[in-house]
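Work through the exercises below with the model open beside you. Each task is followed by a stepwise solution.

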Amino acid sequence: MTPFIAFESVYARLLRSHIDTDQIIPARFLKTTSREGLGRHAFADWRYEEGGQLRPDFPLHHPSARGATVLLAGENFGCGSSREHAPWALLEMGFRAVIAPSFGDIFRQNALKNGLLPIAVDAGVHAALADAPPDATVGVDLGVIRLPDGQRAFYPIDPFWKACLAGGIDEIEYVLRQAEAIADFEQGAR
Amino acid sequence: MTQARTLYDRLWDDHLVVERPDEPALVYIDLHLVHEVTSPQAFEGLRRRGLLVRRPNRTVATIDHAIPTHDRSLPIADRVAAGQIEQLKRNCTDFGVPLHGPGSGRQGIVHVIGPELGLTQPGMTVVCGDSHTATHGAFGALAFGIGTSEVEMVLATQCLLQRRSKNQRVEVTGRLRDGVTAKDLILALIARIGVDGGAGTVLEYTGSAVRALDMEARMTVCNMSIEAGARAGMIAPDDTTFQYLHGRPFAPSGRAWDEALERWRTLVTDDGASFDRSVEIDGDAIEPMITFGTNPAQAIAIGGRVPSPTDVPAADREALTKALAYMGIEPARPILGHPVQTVFIGSCTNGRLSDLRAAASVLRGRKVHPGVRTLVVPGSEDVGRAAEAEGLADIFRTAGAEWRAPGCSMCIAMNGDEVRPGETAVSTSNRNFEGRQGRGSRTLLASPLTAAAAAVTGAVADPRTFA
Ligand code: SF4
């Protein structure tokens, strides 16, 4: 993984609660054996008409969302299935962070492992972002965001994942280096 | 004296490989279940890194999500699905992972075959690239779903990096009444605590109503722990558990069985262990439940009225309005009598033999309503064989239902089995999200008894009137 670098961006708003992974990437697109090619199917049932035309009223098609690399969503974003296709699809759509009051547990893990930042914020911060004008921007760093009014807001990030993101550390490599401890465990009680 | 521990804490401690301050713990995984949808990119990762599967004998694969449930002698028409299935076969061959594929006599939904083969055992850590892995917690195992990166991690290292979860006790007192099932219990719980009521916690189900459940019913309860946002759900093992496991193909036997039993009997929550949260439910008061909205917490007793947006807190009003509009359901009206065009009986929640027996008890001597397409999909080849042998399949066919080959089928609608757009289905599966059962599908979650009652009536009906 490439090391995380702070950035600033306009943000797209999808202010529904409990957006589940079946909405982020419907199951019929999970028959692939690749990580690529999922972006165009993200939010497929909300984004396209039955015949495949773009739905102009879908919030991510709003002109102000163009070029957004941050998604602002409602609570419990990414609840439901364990499909890692959800963060893969969001990344391929161009998103690098999702800001929401809370996240589905497995989605949060999956997102972190792919460098898509899940940013959990309290109601006040969420409202400040939701109510800001359409062209407002947000600054994103590890553990802190900068709101449109210039205020900084801290968000919780596990120090271990923070170090992994900052250093571009590969978790599997990290665990493989502990092979001896694993072998000892296997030799032990069992 | 060591401190009083919960069952979860005990399993956690037993599987710690490395624990350092400020780092997630390295936790050992005893059983890794694999299916075609969430594994190809993980095997590809192993190849790229030049790694092998560390413990192929602790890894077991099957094919369930994308596989068609009609005539298995025909080639798979969907080329993409066929490619994914072929890829899993190739990966299992290349990496030495045992695969229980179609025709092996053991194929089925991953969460049905693990227990039924005796692979899932008390005290184990069990993972799968699938959120309903919580099912296996019914055996007193710590079982949870993981993403594909973690699948790759477990294939490569047999371990996961994890933070300890919080403990939440769910005590169900009394005893479920006739016509009320494990599915109603878990829907009642989720309606009570909400789709994030379990967030950050592992649920332990306790109490007389839980103890009285057989293993298949316990699996139904644990299966939907994820729908409350919980990391996992579990039930301490007891004689019901041990009797279920005895003699299963991969369960220990002989001396090893006696030793295992001795160990398994210690898998309890100590008296005085503290839980971070607790919820108590009166089992005697639970009614048959059904969902009306687009998340599993939007559920009511079958005789109840659909809530009206004005009944709920302001913050939930818009979500409820949207959900009812999607579902085509009117607020403030009884759900009984709501028209139904499709019935699905199956899935890892309710696709086991006892579920099919329940559905058959309603369909025996009755006919499926002419306007209702009814699919009965056994959870595994083993369940299918048993259902044929005891005449359940004939009951379904005679009633006018379609009796299919095992798989996930209409639970996730990846294999061509879909609810048509705009149609309402009563489904024994676990998710009523928008489009979950096909684009535009409308799902009402309920028990096999309630689903069968809807099949006969062509509308939502109280299963107790069919007893
Ligand atoms: S039956 Fe449904 S919930 Fe269960 S594993 Fe299959 S797709 Fe997932």
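A salt bridge is a side-chain nitrogen of Lys or Arg within 4 Å of a carboxyl oxygen of Asp or Glu. The model is predicted: local features need pLDDT of at least 70, side-chain atom pairs count only at pLDDT 80 or more, and totals for chains, interfaces and linings use all residues. Residues are numbered from 1 along each chain as its sequence is written, chains are lettered from A in the order in which they are written, and side-chain values use heavy atoms, without hydrogens and water.

**Exercise 1. Describe the contact between chain A and chain B.**

Step 1. Count the residues. Contact means heavy atoms within 4.5 Å. Chain A brings 54 residues and chain B brings 57.

Step 2. Find the area. Buried area is the accessible area (1.4 Å probe) that two parts lose on being put together, summed over both. Here it is about 4,700 Å², with 53% on carbon and sulfur atoms.

Step 3. Count the salt bridges. There are 12 between chain A and chain B. One pairs B:R49 with A:D170, at 2.9 Å between the closest N and O atoms.

Step 4. Sort the chain A side by class. The side touching chain B has 19 nonpolar, 14 polar and 21 charged residues. Ala, Val, Leu, Ile, Met, Phe, Trp, Tyr, Cys and Pro count as nonpolar, Asp, Glu, Lys and Arg as charged, and the others, Gly among them, as polar.

**Exercise 2. Examine how domain 2 of chain B meets domain 3 of chain B.**

Step 1. Domain 2 spans 167-232 + 266-285, and domain 3 spans 289-466. The bounds come from an automatic or database domain assignment.

Step 2. Size the interface. About 1,700 Å² is buried, 58% of it from carbon and sulfur atoms. B:K183, B:L187 and B:E216 supply 31% of the area that domain 2 buries there, more than any other three residues.

Step 3. Locate the salt bridge. The rule finds 1 across this interface. The side chains of B:R431 and B:E227 meet in a salt bridge at 3.1 Å, N to O.
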